[in-house]
Amino acid sequence: MAEHEEKKQEESLMEKIAEKIHGHDSSSSSSDSDDDKPSESSIKDKVFRLFGREKPVHHVFGGGKPADILLWRNKKISAGALGVATVIWVLFELLEYHLLTLVCHLLILALALLFLWSNATQFINKSTPHIPEVQIPKEPVLEFAMALRFEINWAFAVLRDIALGRDLKMFLSVIAGLWVLSIVGSWCNFLTLFYIVFVLLHTVPVLYEKYEDKVDPFAEKAMHEIKKQYAVFDAKVLSKIPRGPLKQKKKD
């Protein structure tokens, strides 16, 4: 009887060991299979985004109040900015107002109303209107000037590199862009062009952010086709154009 009980204990012990080994193998195999599967973040990183961006559209535009206005985070401010731009365009383009005339008329109207209001308060026993002092702050103006200076210097550096023949692709892009701008400039004046750009900035980014998952696949196909056509153009035309002295020195 004692030997029979010892055999049962040994068999139960062996079964427990076998179960533990089997459970460890299954857990390790499941972990290995999980490791073999690509993570969602890695899949998202491989998704093509327009202009090669890696951040959301809101961060591309700076992530501050300008981005909130362009992407309609605050609909009242965005609609107000678009409405003001539309009123300015209607006044100067359709009604053919002149800037100096409009400014003078607005100042005449404002000063006349404030003058009459200030004098009328003496007869109706009310306090005079409070007109705050308006001053241009120093820091925002300096920050804007520094940012503008940086962008202008960057543009000058790019133009210098193009003029020295360092980047043929950039040269062709700039020439094509200037040519398109010259054609658009012959169709409309600067104010209309500025208004069109302003409207596009307030419509295209928010529409792209809303439908980016549908737009990016089409953009990927378009970019692939453009690169393919550029490679053909480079092989047949650009490669046969003699390079500048800087390019020759680099090759030597």
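This is a predicted model: local features need pLDDT of at least 70, side-chain atom pairs count only at pLDDT 80 or more; totals for chains, interfaces and linings use all residues.
**Helices, annotated spans and a pocket**

Just past the end of H7 comes glycine 165, which takes a positive phi of about 75°.

Next, the annotated stretches. According to the unreviewed UniProt entry, the label "transmembrane region" covers residues 77-92, 98-117 and 170-201. Two of these can be set against the model. Residues 98-117 are 95% helix and 0% strand, with end C-alpha atoms 29 Å apart. For residues 170-201 the make-up is 94% helix and, again, 0% strand, while the end C-alpha atoms lie 24 Å apart.

Then there is the matter of empty space. Rolling a probe the size of a water molecule over the atoms shows where such space is left. The second largest pocket has a volume of about 190 Å³. Its lining is made up of Lys169, Leu172, Ser173, Met223, Ile226, Lys227 and Tyr230. Two helices, H8 (168-187) and H11 (212-236), each supply at least two residues of that lining. H11 gives the largest share, with four residues.

Technical notes. Residues are numbered from 1 along each chain as its sequence is written. Side-chain values use heavy atoms; hydrogens and water are left out. On a 1 Å grid over the protein atoms alone, a cavity is a set of points where a 1.4 Å probe fits but cannot get out, and a pocket is an open set with protein on both sides within 12 Å along at least five of seven lines; lining residues have an atom within 4 Å of a point. Grid points are joined across faces, edges and corners, and a volume is the space filled by probe spheres set on the points. UniProt positions are given in the numbering used here, feature names are shortened, and annotations may be inferred rather than shown by experiment.
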